[in-house]
Amino acid sequence: MTQELRINNKKFIDQTNRLSFKFNGEKLYGYKGDTLASALLANNIHLVGRSFKYHRPRGIMTCGSEEPNAIVQIGNDPSLTDPNVRATEIELYEGLEAFSQNCWPNVKFDIGGINNLLSPLLPAGFYYKTFMWPASFWEKYEFFIRHSAGLGKSPTKPDPDIYDHKYYHCDVLVVGGGISGIMAAKLSAGNNNETLLLDDKNILGGTTIYQNNDCFTIDDNHTNYWLEKEIKNIKKIKNLTIKTRTSLAAYHGYNYLLAKENITDHLSPDERKGKIRQRLWKIRAKKVIIATGAIERPLIFNNNDRPGIMLSSAIKKFIDFYGVKTGKEISLFTNNDSAYETAISLKKSGVNIVSIIDIRDESSSKIVKEVEKHNIKIYWKHTIVNTEGYRRISFIEIMQLSDDGSGVIGKKIKLKTDCLGISGGWTPMVHLFTQSGGKLKFRSDDNVFLPDKNKTPSDQISIGSCNGDFDIKDIILNSNKYVKTFLGIENSPYDNIKVESSKEEKKKNIWLLPSDKPIGKTKPFLDFQNDSTAKDVKLALREGFKSIEHVKRYTTTGMGTDQGKLSNMHALGIIAETTGTNMGELGTTTFRPPYTPLTFGAIVGRNVGEFFDHTRKTAMHNWHVQNKAQFENVGQWKRAWYYPKNGESMYDAVQRESKAARESVGILDASTLGKIDIQGTDASEFLNRVYTNAWSKLAIGKCRYGLMLNEDGMVYDDGVTTRLGENHYIMTTTTGGAANVLSKLEDYLQTEWPELDVYLTTVTDHFSTISICGPNSKKILSKVIPDLDISDQNFPHMSFKNSKINGIKCRVMRISFTGEHSYEINIQSNYAKNVWEMCMNAGKDYNITPYGTETMHLLRAEKGFIITGQDTDGTMTPSDLQMDWIIGKKKFDFIGKRSLYRSDTIRDDRKQLVGLLTDDPKEILEEGAQIVEKLDQKPVEMLGHVTSSYFSPNLNKSIALAVMKSGKKLKGKKFFVPMENKNINVTVTDTVFFDKENKRLNA
Amino acid sequence: MFIINCPYCGERDQTEFSSGGEAHIVRPKQPTELSDDEWAEFLFMRKNIKGIQFERWNHSHGCRKWFNVVRDTSNDKIHAVYKMGEKPPVNK
């Protein structure tokens, strides 16, 4: 282990706890407290990955979530491997295994690197321009593009980890545990507000917690010393909850925020066992204080992407926090004072600083003077024109800037360096603010977009450097002032705080730094992950792109996993400069959630597998299971689909069940059909208005089939409704439509017809329904309910009886969906399974056959009965279904009536329901298949499609229902159903195939 | 995700509610007397305003009552909530 790059640092790194890890197979060591990035750097490893397009070697550039380059694959277990993890964020644990991504065969020698040599041929929009033609080649191109693109590899097996969701309500949420967030949390919680403080790091304190510099003091102490004490103090406050390793992902309206808490990602695999991996917090806060800080900007110059080139602030954190020297001969390149803080940190740790290159003419601020005392060479008014070093920076070449900054002059100076810190100023992290609907304003002094106080949604503020305060003095004084006003606090412990800092006096900004070479010969990278350069942006502008959103998509600037946290401002700056626009007017691209990527696991939480959705089971479900039923999902219901016997196929089972139901007796669990109890003095009038047919004259104890339309005249639902009493009905609906029908009826009652005295109650779950059908159904019923007179005179078709089974009340309807003589027993669900078993016993001698939904569908198709949702699709009127008989033409009104004679609904070339018979009776049509008349037509005219199709065992031939243009007129005509390898000849028929005279109903 | 102050239950999360589109569209009392165009106006035509919109909402996972909401669609700010049949408390 290269100990020479480690300095003693006991505060944040536990040097007594050595951890081993592997990077690309090589065993290395780090310490508890390291990130993967700091551990790699301590091992003198900068080269971590390859860039996306040119496969250029790339190193660790930052120390946080903005990292564009150091993206690794963690682990290689097929179910646990984690792609696109930022090495700067993942905490080191014993046994961590990481791999470079986007390179082959390895990161040091990558075949894809040839793209770098070809880069003059790969400009912005290369893929759009090149792979357009010939169109038929796309599939071939796609194969290669997909293989050469992409970052990490997804896991190939299901994720065994547990994820969790948590709802949280608080008075004040503070996002960010830097110095301003700590102050805000103390002020808030100290004033009786239930407060939640979140920070994405494992330790609170932001960048101040390791700021140990004589130029910056609070109450005469170093800022880190002061802040440490504050953090110790706030941990004692009762109504303050602190969550570290928790990153705010999204900020929605009404102060609804989502945060992801990492619970085990920093633990070794052994320590993770049995624990929840991540938790998604769903937070409602009365007030939100955003203190998300700022990110340092890179500088854009030729070859600014080599491993070893890092943000100056990152170099500072690696030395001050992790105790890791990022190089032995470090240079700094800056346009502001921040790099001088890094210089002092390095100097204190004994790192040699080659030089500081500053594009400004001079600066005489306190911190610059402090640096000058250390005899560090500062090249004022200079810029870097080139860098060298393939896998690690080795040299920089610098030249003097011309007075206007647009070119370089003088002699080129070449300096040897193994690490270059760059500092281009600071970008406030306003992502959350804009996600919440806030609007930004532009501050031209230092080219930053800031929250506009006049366009901030209520109940939130931004404080600290995300609000544009970069000087520690401004941060502390303003945070105190703003939080006091926001929370209505009179006196704050920070009112008389004494802060000393080094005021930055000089600023200079050049978005694209000049080189001695023409721009076409340079590589000034903007977006390091997506390899888009300043050249690409300029090309896009030349090609006519104007909107920032378009330039972004065309050049892919800002579209990597870092979402342009580093690159966006420069892209904007270069666009503004090139087009002569004001940056403030240009605006930014939209910041969309999440701020940092979320795992799918965290998003779905526990709603996986059987918890994905509710499952509804009928009272007889266990009986179906015991009798080997296969189940079908109908909405949330599990319905018995068919009951295969002795390894029968579905087809064979359905054929057997269908025959048995018509020849002797079948039994069906119909409990899932929706049941709505309707009561009130206006119940009959209500039914008149919601169904197409008339209801007032329906006698008590009688049943009637009803068709319900939407206001647009299209069939919505159907079912049988029974009149139980003068003012009491029970309506049945389709299984899938039950909830929607109830909602629709409630809607009309509450909004259009509040004068009606009607009460609706869903009783779907309360009653279970057993349907017994077939010529022997009568015999079964008389055994189960011997007291009931079931003669045709007393109990005719479409009527209902109250009865009792073993003393338990039940409702028996004589209704039929199969065309057979059949009964439905409705009984309280607790007793349903017993009654079902009674029926099965009673039917032993009659070969009583349980049948599922598939047989039910077949039997009703033989009779030409529709299933709403299968034979209808929201575009069928009753007339289209050849059901004109059910329209109460004399009725004053019902839902959808007026629409039945709109110009569109009376067209006679609408699609209408027909029967279809195949010329070959053995040929079964596929549901959904198209019907055509002429085969040689181009394009062939689609006349309709098959909606239901079965082989009828009772007719011994294939039958189908279909909807066809002008179908009513087509009876007897021949058509084709073209399939992949043949054309099936069909003839249009009547929709009723079986027992046209309905004789069996009374058999 | 906003919070709606149900006039019957109080403040609840938006996920408990379902939206029912534009409010104050009265179903014609005698649809049969309307021309195709007049009926189509009632049936199909809805405003889709950026700004203050009068909407119907249903507390579908709560009391199941319908009521009206005045919402600014540009920022989801709810200006008023009132029961069915009541006059809008703000000018329409």
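What follows is a walk through chains, a helix, a loop, charge pairs and a surface patch.

Me: Before anything else, what kind of model is this?

Reply: This is a predicted model. Keep that in mind throughout.

Me: Where do I begin with chain A? How many helices and strands does chain A have?

Reply: Begin with the inventory. Chain A has 24 helices and 50 strands. Then take the dimensions. Its C-alpha atoms fill a box of roughly 115 × 70 × 55 Å along the principal axes.

Me: What share of the residues of chain A is buried?

Reply: Buried means under 20% relative accessible area. By that cut-off, 59% of the 1003 residues of chain A are buried. The accessible surface of chain A is about 42200 Å². Carbon and sulfur atoms hold 51% of that surface.

Me: How do I read sequence separation in chain A?

Reply: Take the contacts with a separation of 6 or more. In chain A, 67% of them join residues 24 or more positions apart.

Me: And the charges of chain A? How far apart are their mean positions?

Reply: Chain A carries 134 positive and 119 negative charges. Their mean positions are 1 Å apart.

Me: Now chain B. What pattern does chain B follow along the sequence?

Reply: Chain B has one helix and six strands. Read along the sequence, the order is β-β-β-α-β-β-β. The C-alpha box is roughly 45 × 30 × 25 Å along the principal axes.

Me: Give me the other values for chain B.

Reply: Of its 92 residues, 36% count as buried. Chain B exposes about 5400 Å², and carbon and sulfur atoms supply 47% of that. Among contacts in chain B with a separation of 6 or more, 47% come from residues 24 or more positions apart. Chain B has 14 positive and 13 negative charges, with mean positions 6 Å apart.

Me: Let me zoom in on a helix. What is the general idea?

Reply: An α-helix has 3.6 residues a turn, so residues three or four places apart point the same way. Next, ask which residues are covered.

Me: Is helix 24 of chain A enclosed or open to the outside?

Reply: Helix 24 of chain A spans residues 853–862. Of its 10 residues, 10 are buried, so the helix is largely enclosed by the rest of the structure. Among the buried residues are Glu854(A), His857(A), Arg860(A) and Glu862(A).

Me: What covers the buried residues of helix 24 of chain A?

Reply: The cover includes strand 32 (630–634), strand 33 (637–642), helix 19 (650–663) and strand 34 (666–669) of chain A. It also includes strand 47 (944–952) and strand 48 (957–965) of chain A. Gly864(A) follows helix 24 of chain A, and its phi is positive, near 75°.

Me: Now a loop residue. Where is Glu711(A)?

Reply: Glu711(A) sits in the loop between strand 36 (703–709) and strand 37 (715–725) of chain A. Glu711(A) counts as buried because its relative accessibility is 9%.

Me: Which residues does Glu711(A) contact, beyond its neighbours within four places in sequence?

Reply: In chain A, the partners include Tyr748(A), Phe894(A) and Ser899(A). In chain B, they include Arg27(B), Trp39(B), Phe42(B) and Leu43(B).

Me: How do I read charge pairs?

Reply: Side chains of opposite charge can pair when their charged atoms come close. Here the count is 70 salt bridges over all chains.

Me: What does the salt bridge of Lys381(A) tie together?

Reply: Lys381(A) pairs with Asp403(A), with the closest N and O atoms 2.3 Å apart. Lys381(A) lies in the loop between strands 20 and 21 of chain A, and Asp403(A) in the loop between strands 22 and 23, so the pair ties together parts 22 residues apart in sequence. Lys381(A) is buried at 16% relative accessible area. Asp403(A) is exposed at 68%.

Me: Show me one in chain B.

Reply: Arg71(B) forms a salt bridge with Asp76(B), the closest N and O atoms being 2.5 Å apart. Arg71(B) is buried at 13%, and Asp76(B) is partly exposed at 24%. Salt bridges can also share partners. One such network joins Asp164(A), Lys243(A), Glu261(A), Arg279(A) and Arg606(A).

Me: Last feature. Which residues form the nonpolar surface patch?

Reply: Phe600(A), Ile603(A), Val604(A) and Val608(A) form it, with about 390 Å² of accessible area together. Val604(A) lies in helix 17 (residues 600–604) of chain A. Val604(A) is partly exposed, at 33% relative accessibility.

Definitions and conventions:
Residues numbered from 1 in each chain as written. Chains lettered and ligands numbered in written order. Predicted model: local features only at pLDDT ≥ 70, side-chain atom pairs only at ≥ 80, totals over all residues. Heavy atoms only, no water. Patch = residues over 30% accessible without salt bridge, like charges linked within 9 Å, V, L, I, M, F, W, Y side chains within 5 Å. Areas by Shrake-Rupley, 256 points an atom, 1.4 Å probe, with all protein chains shown as cover. Salt bridge = Lys/Arg side-chain N within 4 Å of Asp/Glu carboxyl O. Helix = DSSP H or I, 4+ residues; strand = E, 2+ residues; numbered from the N terminus. Buried < 20%, exposed > 50% of the residue type's maximum accessible area, 1.4 Å probe, protein only. Contact = heavy atoms within 4.5 Å. Lys, Arg positive; Asp, Glu negative; His and termini not counted. Charge placed at Lys NZ, Arg CZ, Asp CG, Glu CD.
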